[in-house]
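Keep the sequence beside you as you read.

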Amino acid sequence: MKGRAERTRILHRSVRVTLAASAGFYTFVHGLEEPVLALYALFAPISLGLLSPIPGSGRQRAEVMLKALPIGLLLVALGTVLAVETWAAVLGMLVVGFLLAFAAIAGPRPAGAAPGLQLFYILACFPPYESGTLGLRLAGLAFGVVVLALCELFLLPQPPDPTYRTALADALVTAGDTIAGRTVLSPEALREAGARLRLSHIPPAERPAGPGRAVRGLSQAGAAVRRLLEQLAHLTETGEFRAFVREGSGAAGECGGGRTATAAGRPLLQQVVFLCEETAAALRTGRAAPGPQPMDKAIDAFQRMRVRQVTGSADEAPTVQGPAPAPVPVPVPVLRRQAALLAVAESVRILEISVRVGLDGRRTPPIEPRELFWYTQAATPRLWARRITGNMTIRSVQFQNAVRIAVALAAARLVAGSLDLTHGFWVLLAVLTLSRTTVGETWTAIRRAVTGNLVGAVAAGALLIGLGRHTDAYAAILAPAMLIAFALGPLLGIAWAQGLFTLVVATAFAQIAPASWQLAEARIVDVVTGSAIGLLCAMLAWPAGARREVRRTMAGLLQECGPLIKGTVDTLTAVPPGSVPAPSTRPALHRLRLAESAYAQFRSEPGVDAPVRADWHAVLITAHHIVLGAQWLPRFDLPMAALPPDATDRARAGAHALAQTTDRLAALCLGRQPQPPETGPMPSEPTGLPLPALVDLDVWLRGLAVQLTRIEAGLPEAVRRAVRGTTDAGSAGAVLGPGGQGSRGVP
């Protein structure tokens, strides 16, 4: 049941489209007696205003329509020229169909305008071949689109939706107040605040989904805010948050060196709170604060302080041989909270940079980590090329959808042209409006549409027989019929929409040329033909929609995560330090984008039982955690001297166990039998001081272990038994040993 706001929006849209379509049609068919002008002036508003789900406010929709007008004129000209031969029209339909459907990679607004642009080519590419009428066709199309844009601006305009920047600012205020201790929220409330930034909860016109720098920056900022809120929720959940805040406020809560360690995090925590407040204000005003923020320096100073606390030296970490400076006893829980503060600070650093790029949008010098902010220094053509080539793969649901609709439209044009169907335009219209991403959805839509068309055809046939050739009667009926059809169709469902649209078509065509009840018969034949072609293509081309693809892309993402975990640990534990470069995160980022796209479509499709019912959203969160850890750990935790061998062995063993887990989960996502886990003795418990680098690495690995355990919990019981025992925090994530202690005797 649609809400009041949605019903009002549909009613207002029906008024605008009816007025725009009537203005051109009545003027040209009855005033100037130009049926070609009238036909295109009628279908232009219907195509872009009703059949194209262009999102946004009235101003945004009008802007999209006017920008689409030159493309529409080009497509009408192309269709008119290619209508000379069926094979030429079919090839043109194949290319045009793919390109316009593939335009979904550019964001919701181009994707929304694509169906209307498809219809402009479809309407022009059917016989009779009359190139001499091209000028009239273009004039009618331009008139209809311009009048519709004016109606969008001035006649019951759709008000603007809350912007994505506003949603980001609200979530960031929640995070800042929580860190500062001004607000106390439960873990569920913090996660809910982050969930409100999911694109499915954002109005389509405001979703940051395009390839430009500013849009990419806002999208990355959204991911950073969600990660920040998840980190705060985890700290609250584990009961560490009070100590975390107390540590930043300088309250003494530990003894000995713990008191010093507690106060040491105050400058960084204050900088984090300040950046949250300043960034939220920038999002509300739309202007970034002048000058770069010194978060990098604050994090570097914080890390040097942590090393100095443990080793007594500001610039050196302990070596394996030789006497070490007298250590300052720092409790491991304090070091863990410092590691959590470091992770929070890095999330805020990424957030502040992303917002700055999102508000500015200009090219910048390289920003670290470069693989994460590569787009900030890239030219616009490169950004588009990266988006296009990244989706030109069989694993992209955008590519799959474009291929499916292009082949279906080309097949429909071939059948309509070969059989010389009357009003073959309706064959392609049925394919375009009834095709869905799964065969089940397509069949449901077709069944209801055919039923509605049958009823509508009977009513239209009776109307044509009863009124005969009384053109004035049809003229009196058309406008009210459009208003009713365009309002009730979306409200009552696809069967009503198809039936009422049949009546509209009959009353319109009866004014252009003499028509009989056979017009309704022809529409039924064409709709059934188009439905059969659409259903056949749905059965042959990815019939399950994103259900299989989401498993494949998630499996590919998990397979990339394993080497990333091991590569990060190898970088931090290399001898000598710095001899092993940090692993590249680019392959994982590419896989992550494909997985996010497949998951977005998967969430839009009706749910059915799948062989593996995994928590895909948890997989995406874990992948983000892995990618960001692989970027900031080598940047801020690379030791100056080699780490103790026993700690190195434990870290590598933990990374290997986690990589095995990701590989097995990937195999399970694909429905394959996973390899049995390797078993072997864990390396001995490390001795000596718990170094900050080891604590940070241990916190990262343990966090991944917990997240992978949650993913495992989303699998069926039979699957969980296959991987149980390989993702517990003790065996897969421990670097410091049982209980997280760096050595015996450290409290």
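Start on the surface. Trp87, Leu91, Leu94, Val95, Leu99 and Val407 make up a nonpolar patch with about 590 Å² of accessible area together. Such patches consist of residues with over 30% relative accessible area and no salt bridge; like charges are joined within 9 Å, and nonpolar side chains (Val, Leu, Ile, Met, Phe, Trp, Tyr) within 5 Å. Accessible areas follow the Shrake-Rupley method with a 1.4 Å probe, and for residues only the protein chains shown count as cover. Helix H4 (residues 86-102) supplies the largest share of the nonpolar patch, five residues. Helices (H or I, at least four residues) are DSSP runs numbered from the N terminus. Leu99 belongs to helix H4. Leu99 is exposed, at 53% relative accessible area. Exposed means over 50%, buried under 20%, and partly exposed in between (1.4 Å probe, protein chains only).

This is a predicted model: local features need pLDDT of at least 70, side-chain atom pairs count only at pLDDT 80 or more, and totals for chains, interfaces and linings use all residues. Residues are numbered from 1 along each chain as its sequence is written, and side-chain values use heavy atoms, without hydrogens and water.

Now go inside. The largest nonpolar core holds 108 residues, and Ile179 and Leu697 have the most contacts within it. Helix H14 (residues 332-360) gives the most to this core, 16 residues. A nonpolar core is a set of buried Ala, Val, Leu, Ile, Met, Phe, Trp, Tyr and Cys residues joined through side-chain atoms within 4.5 Å. A second, separate core has 81 residues, including Ala41 and Met482.

Next come the charges. Side chains of opposite charge can pair when their charged atoms come close. The structure holds 22 salt bridges. Each is a side-chain nitrogen of Lys or Arg within 4 Å of a carboxyl oxygen of Asp or Glu. Asp698 forms one with Arg336, the closest N and O atoms being 2.5 Å apart. That pair links distant parts of the chain: Asp698 is in helix H26 (residues 692-713) and Arg336 in helix H14, 362 residues apart. Both Asp698 and Arg336 are buried. Asp698 also meets Arg702 in a salt bridge (2.8 Å, N to O). Arg702 and Asp698 are four residues apart in helix H26, so about one helical turn separates them.

Another pair is Glu152 and Arg61, at 2.9 Å, N to O. Glu152 lies in helix H6 (residues 134-154) and Arg61 in helix H3 (residues 58-82), so the pair ties together parts 91 residues apart in sequence.

Note on methods. Helix = DSSP H or I, 4+ residues; strand = E, 2+ residues; numbered from the N terminus.
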